Amino acid sequence: MNAKQKTDNYEFPASRWWWGVVRRLSEHFVLAHLIICSVVFLSVPLYATETLVLYEFTGNTNSPTAKHDSIVASHFGISPSVVITYGSTGTWPGSGTPYVERTGTGSWNDTEQTGARHWLFSLEGSGGGAFSVSRVSFNFTRTTAGPDEFALEINGTTVATWSKTDTTIDTFSEDISNSEFENVESATIRIYGWVSDATGNGAFRIDDVKVEGSLKPSNPSDFTATVHDHQRIDLSWALNADDDDVMVAWNSSDDFGVPEDGETYSVDDELSGGGTILYSGNAIGFEHTGLDANVVYHYRAWSLTAEGDYSGGTGAATTTDNLPAPVAADATAIAVNQFTANWAAVGGATGYELDVSLHETFSVPGAALLSEGFEGDYPPAGWTHNSTDQSSTYAHEGTYSARLTAADDYLITPLIDEPHSLRFWSYTTKADPGVIVEYASDIAGPWTEFAESPFSGDTEQWNERVIDLTDLTDIYVKFRKSGSGNLYIDALKVAGADDPSLLSEYAAREIAGGETTSAAVTGLVSATTYYYRLRATNATSTSGNSGLVEVQTLPMPAPEAQAAENITSGTFDAGWSVVAAATGYRLDVARNNEFTDFVPGYENCDVGNVTTHTVTGLYASVTYYYRVRAYDGGSASVSSGTQSVTTTLKPEPANHATGLNASTVTHRTIVLNWADAVEGILPDGYLVRGSVNGFDGIPVPVDGVNVANSTTWSGGQYANKINQGIGADILTQLQPEQTYCFKLFPYANQFSTIDYKTDGDVPQIMITTTAAPFEDMEDASKTAYAAGDVELKSGWWHFDDALLGITASDKRLDQRSARIRNLGSISMLFDVENIGRISVEHADYGADAGGRFVIECSEDGGVSWFQLGSEIECGTILQTVSVRLLQPLNGRLRIRKTAAVGEESRINIDNIRLDPPGERGTVFFLR
């Protein structure tokens with residue numbers, strides 16, 4: 001005990017107020033309250049021991065007599081809540097006694113102790129102090145019919161029970177050693193009685209109720225912790241009534257030790273049991289700085305007397321703000337494929353996260369899973385409804401909306417897989433019914449209402465509603481109306497999850513160092529717009545995103561074209577300078593500097609990521625021009641400057657071609673073939689010259705005179721230049737049974753420097769085309785299988801499930817052949833006379849197989865048909881079938897496909913020849 005304290009009539013230092021009012025506490029306190037009173041003390045260790053006389057009655061009055069004028073009930077927060085009853089009779093000393101008795105229909109026979117009749121005292125000290133209860137005593141008695149079992153309870157814990165059967169005045173006194181009643185802020189004392197085994201109607205009286213305990217100084221009041229930002233919390237308090245100093249500690253949890261009286265603590269000292277001393281002094285506030293973001297900080301404050309005694313302590317807690325978002329600054333050091341991102345440092349950050357994207361939203365919007373404006377058929381396909389309809393009264397978009405009129409009308413979407421968000425617009429009439437939105441995995445339910453639902457407030461206006469569907473899969477969505485009035489729904493959209501759109505190397509790219517304010521962003525493409533943002537981070541927090549910064553990389557610079565090297569008569573090496581950011585180059589080579597006459601294969605030719613390229617396929621002694629562009633994944637540069645190069649002059653070819661022949665001869669076509677010259681000076685190409693006037697009608701070419709191609713046989717002459725390496729010339733649109741002569745001259749160079757080899761044995765060949773067939777399918781067009789009439793060279797034909805094929809898969813001798821599918825046919829719409837033999841070229845179409853057909857004739861204008869010969873099977877190449885007739889035919893023909901129906905058995909028919917009687921051929925049919 002402090003030296004200034006006394007066990008009887010002790011004094012406090014003049015500077016202290018006990019709970020803000022009392023400078024001197026006397027031995028007893030007389031406070032009136034029969035049912036409810038309260039006192040609060042501070043935590044251990046205690047520095048004063050007191051006896052509180054809660055009730056002492058000396059007369060027939062509603063107020064007890066106070067022994068000390070300086071003490072009033074409010075000092076302990078005591079205020080009666082039940083009227084006390086007094087009487088003028090009884091065995092108490094004095095003229096009046098308080099009592100509790102059975103009234104009305106009740107009795108003392110309450111076997112449930114918790115419901116027994118009782119005296120209740122609630123103690124709560126003003127000023128925020130704490131106390132410990134060490135003893136409770138009082139005088140008591142009962143009337144004959146009063147209770148015979150009694151108990152004392154503190155804060156809900158029974159500390160004593162006893163029995164009394166006589167009517168004498170007894171004294172109850174009980175030492176309280178339970179730790180639950182130490183350092184409490186309030187205590188409720190209940191004294192109650194009941195009759196154990198009979199019904200009682202008497203009274204239970206008490207007097208001189210005393211509570212002994214120990215008191216501590218009051219806490220600082222109004223102790224609060226207010227967050228200032230992510231690194232600072234402001235603490236504030238009011239000094240207690242005695243203006244005692246204040247000591248504050250902090251901890252990461254709400255676990256604090258108890259400061260020991262007489263012990264001095266310094267800032268940063270640790271309390272046994274938890275807590276670090278933060279402040280000690282007589283101020284009324286403190287700024288706790290240097291904190292971590294987004295962390296809960298706990299505080300406890302004690303009043304500290306000059307004698308070294310501590311109050312029970314009062315607590316507060318709060319959470320620091322999250323790290324603030326960095327302030328992003330404009331990019332610097334912008335180049336073709338990189339830039340530097342910049343920002344301002346954030347205090348408390350230990351690093352940053354950097355995002356770089358090609359999209360301003362840093363995401364690609366999710367795919368539209370469902371979009372419905374209720375403009376078409378109602379209900380829309382896949383939707384389910386009950387009594388709803390399509391209305392043009394109100395529409396947010398277009399003309400119509402969905403209308404729900406009766407209560408509990410509903411409209412259900414089709415099944416939606418992996419939805420992410422739902423948006424719709426709603427409108428209600430003046431009755432303003434509610435919009436209830438629910439979901440279920442089965443259309444039969446059960447249905448769960450979304451957290452955002454119900455929606456209201458749409459009266460006579462369209463409002464957009466948004467619902468989060470994240471983490472839901474395979475759901476139906478139901479719109480349901482509650483209340484009266486009409487509900488309209490329109491412009492509904494369900495979207496899938498947005499796809500992040502971040503560069504793979506810059507998706508939350510970690511950048512170490514809280515003081516770092518820039519980072520290089522590399523590996524980009526030229527002339528492209530990028531966006532970047534940042535977040536500050538530390539061990540406990542990640543800020544929100546900074547503002548958005550837009551930056552465009554520079555265009556790709558053009559390379560510098562360099563002079564050609566390794567020039568020959570047919571090649572040269574084009575070269576150019578390196579462009580550091582390029583991933584490849586595109587080369588143009590042309591015969592004019594306007595680049596309108598490109599060398600084949602060299603218009604925007606992608607040559608890869610190289611700086612030289614050998615240009616081939618050129619003519620000797622010709623001037624060429626080239627330019628180049630650099631590119632990356634974003635864009636290509638402008639063209640470089642133009643370089644010109646002239647190929648060298650090539651000597652006359654050393655040798656002629658060999659093996660000149662005609663591999664194909666028809667009535668319209670000749671295909672010439674030869675083997676290119678070898679060894680020595682090779683030709684650049686070959687001049688094929690032809691004439692219908694014999695070999696002497698073919699002019700010999702002259703060096704230096706370019707012979708222009710002429711393939712229309714104007715004046716009976718033909719000329720065509722074929723490059724070395726092809727070895728063939730295909731001549732079409734020739735005349736049947738015409739004799740053609742050809743010579744083949746190799747040449748080198750081109751135009752004015754062309755040099756022909758005309759000496760030696762010039763290859764030559766004479767060829768006569770075959771006679772024209774009756775029908776070669778060449779003079780008309782039909783591109784669909786639908787039945788129709790076609791005018792061919794021979795006359796009008798009817799095509800049924802047939803067309804004129806011109807594709808590479810059509811087997812044909814020239815440009816066209818008939819293609820027949822299923823059970824189709826081609827038939828004459830005219831008659832012919834004196835036919836003795838019929839020949840037909842036939843084959844399966846493309847890769848089809850198994851095609852079959854028959855040849856039929858009609859002598860009554862197509863009314864009836866009879867078959868000539870047997871069924872004919874097609875093969876993979878064109879073959880000729882001939883039918884020789886013993887008796888001449890006068891009538892018309894039909895070729896009808898007979899194989900199984902299906903695309904897999906299409907056939908081609910070409911070059912139908914009709915010969916008069918007497919021509920040789922296989923006999924298939926005798927008439």
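**Group meeting talk: rings, core, charges and loops**

Buried here means under 20% relative accessible area, exposed means over 50%, and partly exposed is in between, with a 1.4 Å probe and protein chains only.

Some housekeeping. The model is predicted, so local features need pLDDT of at least 70 and side-chain atom pairs count only at pLDDT 80 or more, while totals for chains, interfaces and linings use all residues. Residues are numbered from 1 along each chain as its sequence is written, and side-chain values use heavy atoms, with hydrogens and water left out.

On to the aromatic rings. A pair of aromatic rings is described by the distance of the centres and the angle of the planes. Rings of Phe, Tyr and Trp (for Trp, the six-membered ring) pair if their centres lie within 6.5 Å; planes under 30 degrees apart are stacked, over 60 edge-to-face, and the rest tilted. Over the whole structure, the search gives 35 aromatic pairs. One of them, Tyr 279 with Phe 286, is tilted, at 5.6 Å between centres and 35 degrees between planes. Tyr 279 is buried at 14%, whereas Phe 286 is partly exposed at 25%. Back to Phe 374: its ring and that of Trp 383 have centres 5.4 Å apart and planes at 75 degrees, so this pair is edge-to-face. Trp 383 is also a buried residue, at 7%. Elsewhere, ring pairs join Phe 138, Phe 140, Phe 150, Trp 162 and Phe 172 into a cluster.

Next, the nonpolar core. By that I mean a set of buried Ala, Val, Leu, Ile, Met, Phe, Trp, Tyr and Cys residues joined through side-chain atoms within 4.5 Å. Which members of the largest core touch the most other members? In this set of 33 residues they are Phe 799, Ile 826, Phe 853 and Ile 909. Strands S55 (796-805), S56 (817-828), S57 (832-844), S58 (852-858), S59 (866-873), S60 (879-897) and S61 (907-915) each supply at least two residues of this core. S60 gives the largest share, six residues. For the record, helices (H or I, at least four residues) and strands (E, at least two) are DSSP runs numbered from the N terminus. Apart from this core lies another of 26 residues, including Val 336, Ala 564, Val 579 and Tyr 624.

Now the charges. Side chains of opposite charge can pair when their charged atoms come close. A salt bridge is a side-chain nitrogen of Lys or Arg within 4 Å of a carboxyl oxygen of Asp or Glu. How many are there in the whole structure? The search finds 31 salt bridges. Lys 164 and Asp 166 form one, at 2.4 Å from N to O. Of these two, Lys 164 is buried at 4% and Asp 166 is partly exposed at 37%. Asp 355 and Arg 535 form another, with the closest N and O atoms 2.7 Å apart. That one links distant parts of the chain, 180 residues apart: Asp 355 sits in strand S21 (351-357) and Arg 535 in strand S37 (529-537). Both Asp 355 and Arg 535 are buried. Asp 801 pairs with Arg 821 at 2.6 Å between the closest N and O atoms, joining S55 to S56 across 20 residues. Here Asp 801 is buried at 17%, while Arg 821 is partly exposed at 21%. Through shared partners, salt bridges bring Glu 353, Asp 355, Arg 533 and Arg 535 into one network.

Then there is Asp 676, in the loop between strand S47 (670-675) and strand S48 (685-691). What does its side chain meet in polar contact? It meets the side chain of Trp 674, at 3.2 Å. A polar contact is a pair of N or O atoms within 3.5 Å; within protein, one must be able to donate a hydrogen and the other to accept it, and residues adjacent in sequence count only if both atoms are side-chain atoms. The Asp 676 side chain also reaches the backbone nitrogen of Gly 725 at 2.5 Å.

Last, the backbone. Two peptide bonds are cis: Gly 445 to Pro 446, with omega near 0 degrees, and Ser 453 to Pro 454, with omega near 5 degrees. Pro 446 is in the loop between strand S29 (434-440) and strand S30 (448-449); Pro 454 is in the loop between S30 and strand S31 (463-468). Asn 294, not a glycine, has a positive phi near 55 degrees, and Asn 294 is partly exposed at 43%.
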